[in-house]
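Biologist: Could you take me through one part of this model in detail? I would like to look closely at the packing inside it.

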Amino acid sequence: AGRATASEPDEAARAASYAFRGEHQAGIVTPAQDRLHFAAFDVTTDDRDELVALLRDWTEAADRMTQGGSAGEVGPVEGDPLLPPDDTGEAIGLPPSGLTITFGFGPSLFDDRFGLADRRPGVLRRLPHFPADALDPATSDGDLCVQACADDPQVAVHAVRNLARIAFGRASVRWSQLGFGRTSSTSTSQSTPRNLFGFKDGTENVKAEDGAALADHVWVGADDDPAAGWLAGGSYLVARRIAMRIETWDRQPLADQEAFVGRAKGSGAPLTGTDEHDAPDFNAATGTVTTIAPDAHVRVVHPDAHGGVRMLRRGYNFVDGSNALGGLDAGLFFLAFVRDPDTHFVPVQMAMARSDALMEYLQTTGSALFAVPPGVGEGEHVGQALFA
Ligand SMILES: C=CC1=C(C)c2cc3[nH]c(cc4nc(cc5[nH]c(cc1n2)c(C)c5CCC(=O)O)C(CCC(=O)O)=C4C)c(C)c3C=C
Ligand SMILES: [Fe+2]
C-alpha cells in the first residue's frame with residue numbers, strides 16, 4: 001500500500017465499504033472521508049406516489065453503489081445496446097472507496113404539494129438571516145439533499161450523477177458542491193486535518209466513540225417533536241458555503257491568525273496549553289488581557305458559551321477556481337449534524353456572526369437546512385416512516 005497523503009488515500013481506505021442500511025444513515029458518524037459531492041434537489045413532480053417511488057429507487061441505487069456495485073440492476077455495459085445504460089460507467093473497476101450516501105428533506109418538501117405539512121418538524125424551517133450573510137438563492141435551500149462522501153472523488157461524483165439521472169422527471173439538481181480535504185474527524189482513530197486557513201479543524205468535534213454526546217447532541221429523540229416521530233434516530237443537517245478571503249488572510253501575521261482562532265497553528269493546541277487536546281483555559285490572563293481573546297473563534301463558539309451544546313461537524317474544503325481578480329474562490333463547505341438547529345446551531349452561528357474575529361475573513365454565500373431521517377431497514381426505503 002502506498003503512503004496516504006491528504007489527497008491520495010491509501011488502498012485500505014479505497015477498499016473500505018459501509019453498510020447503507022442500519023439504525024442511522026451512514027455518512028454521519030462513519031469516519032469522515034476525504035471527498036464530497038453534495039447536491040440539493042428540487043422535486044419537479046407534485047405526485048406523492050412519484051416522490052415515494054423516487055425515494056425507493058434512490059434507496060436501491062444507494063444500497064448497490066455503496067457496496068461497490070452499479071447504480072442500476074443491469075450495469076453500465078451489460079444491458080441492451082439499444083437502451084441507455086442504467087449506470088453511467090465512470091466507476092467501472094473502482095472499489096467502494098468508503099462511499100456513503102446520506103439523504104435529507106428540506107423545509108420546502110413540507111409545503112402542501114405532498115400532504116406532508118402536518119408532519120413537518122417545528123424547527124425545520126429556513127435558517128434565519130445572520131449578520132454578514134451574502135446568500136445566493138441559487139446555491140441555497142432545496143427540497144431534498146444528497147451528501148455523497150468517498151475517498152475517491154470519481155466515486156462521489158458518480159453517485160450524485162447517477163442519483164440525478166434516476167431522478168429525471170421527478171427531481172432535478174438545484175445546486176451542488178464539490179469538496180476535497182475533510183475539515184473534521186469523526187472518530188478518535190482519525191488524525192485532525194487542516195482547513196484552508198492552515199489550522200487543524202475538528203479537534204473538539206463530537207466523535208463516533210462518544211455515544212452519550214451523540215444521544216444528547218446529534219440524534220433526534222423520539223419525544224423531541226410530536227409531529228416528527230418519523231425523525232427519531234435521525235438528525236438535522238446544516239449546510240453553509242463559507243467563502244474564505246484567502247489572500248487577505250495570508251497577509252496576516254502568524255500571531256494574529258492564532259489570536260483570531262485561539263489556537264496555535266502548528267500543534268492546534270489552545271493558546272493556554274501545549275497539546276492539541278488540552279482544554280482551553282478561558283480565564284487565563286496577563287493582567288486584564290485574556291490569553292484567548294474575547295473574539296477568538298474557539299471562545300465564541302465554545303459549548304461553555306452556549307449552555308453546553310455541541311455539534312458534529314463534517315465539512316470540506318473547496319476551491320471553485322479563481323475570481324476575476326485572480327483570487328481563489330475558496331472556502332469551507334460547513335456541514336454539521338445537530339439534534340435541534342434552534343438550540344444547537346442558530347445561537348452559535350449568531351454569536352459567531354456578531355463577534356467572531358474570523359468573520360472579517362469569511363462570507364457565507366449558500367445556506368440550507370435538512371432533516372436527515374434515521375437509517376433504512378431491510379426492505380424499506382429512505383424516509384419510509386414519513387410517508388406511513
Ligand atoms: C456556527 C458554527 C460554526 C461555523 C460556521 C464555523 C466555521 C469555521 N470554523 C473554522 C475553524 C475552526 N473551528 C474550530 C472549532 C469549532 N468551530 C465550531 C463552530 C463553527 N465553526 C465549533 C462548535 C468548534 C469547536 C469548539 C470547541 O468545542 O472547542 C477550530 C478549532 C479546532 C476544532 O476544535 O475543530 C477551528 C480551527 C473556520 C475556518 C470556519 C469557517 C470557514
Ligand atoms: Fe469553527
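Modeller: Happy to! A nonpolar core here is a set of buried Ala, Val, Leu, Ile, Met, Phe, Trp, Tyr and Cys residues joined through C-beta atoms within 7 Å, where buried means that 20 or more other C-beta atoms, placed from the backbone, lie within 10 Å of a residue's own. This is a predicted model, in which local features need pLDDT of at least 70, side-chain atom pairs count only at pLDDT 80 or more, and totals for chains, interfaces and linings use all residues. Residues are numbered from 1 along each chain as its sequence is written, and chains are lettered from A and ligands numbered from 1 in the order in which they are written.

The largest nonpolar core has 94 residues, and those with the most contacts inside it include Ala 159 and Phe 337. Phe 337 touches, among others, Ile 28, Leu 237 and Val 372 (C-beta atoms within 7 Å), leaving aside residues up to four places away in sequence.

Ala 159 of α3 is part of the contact with α2, together with Asn 162, Leu 163 and Ile 166; α2 contributes Asp 57, Trp 58, Ala 61 and Met 65. Helix α2 (residues 48-66) and helix α3 (residues 153-166) pack at about 155°, their axes 10 Å apart (lines fitted to C-alpha atoms over the stretch in contact, with angles from 0 to 180 degrees between N-to-C directions). The pair is therefore roughly antiparallel, a term for angles over 145 degrees.

Notes. Helix = DSSP H or I, 4+ residues; strand = E, 2+ residues; numbered from the N terminus. Parallel < 35°, antiparallel > 145°, perpendicular 65-115°, else oblique. Contact = placed C-beta atoms within 7 Å. Buried ≥ 20, exposed ≤ 12 C-beta atoms within 10 Å, placed from the backbone.
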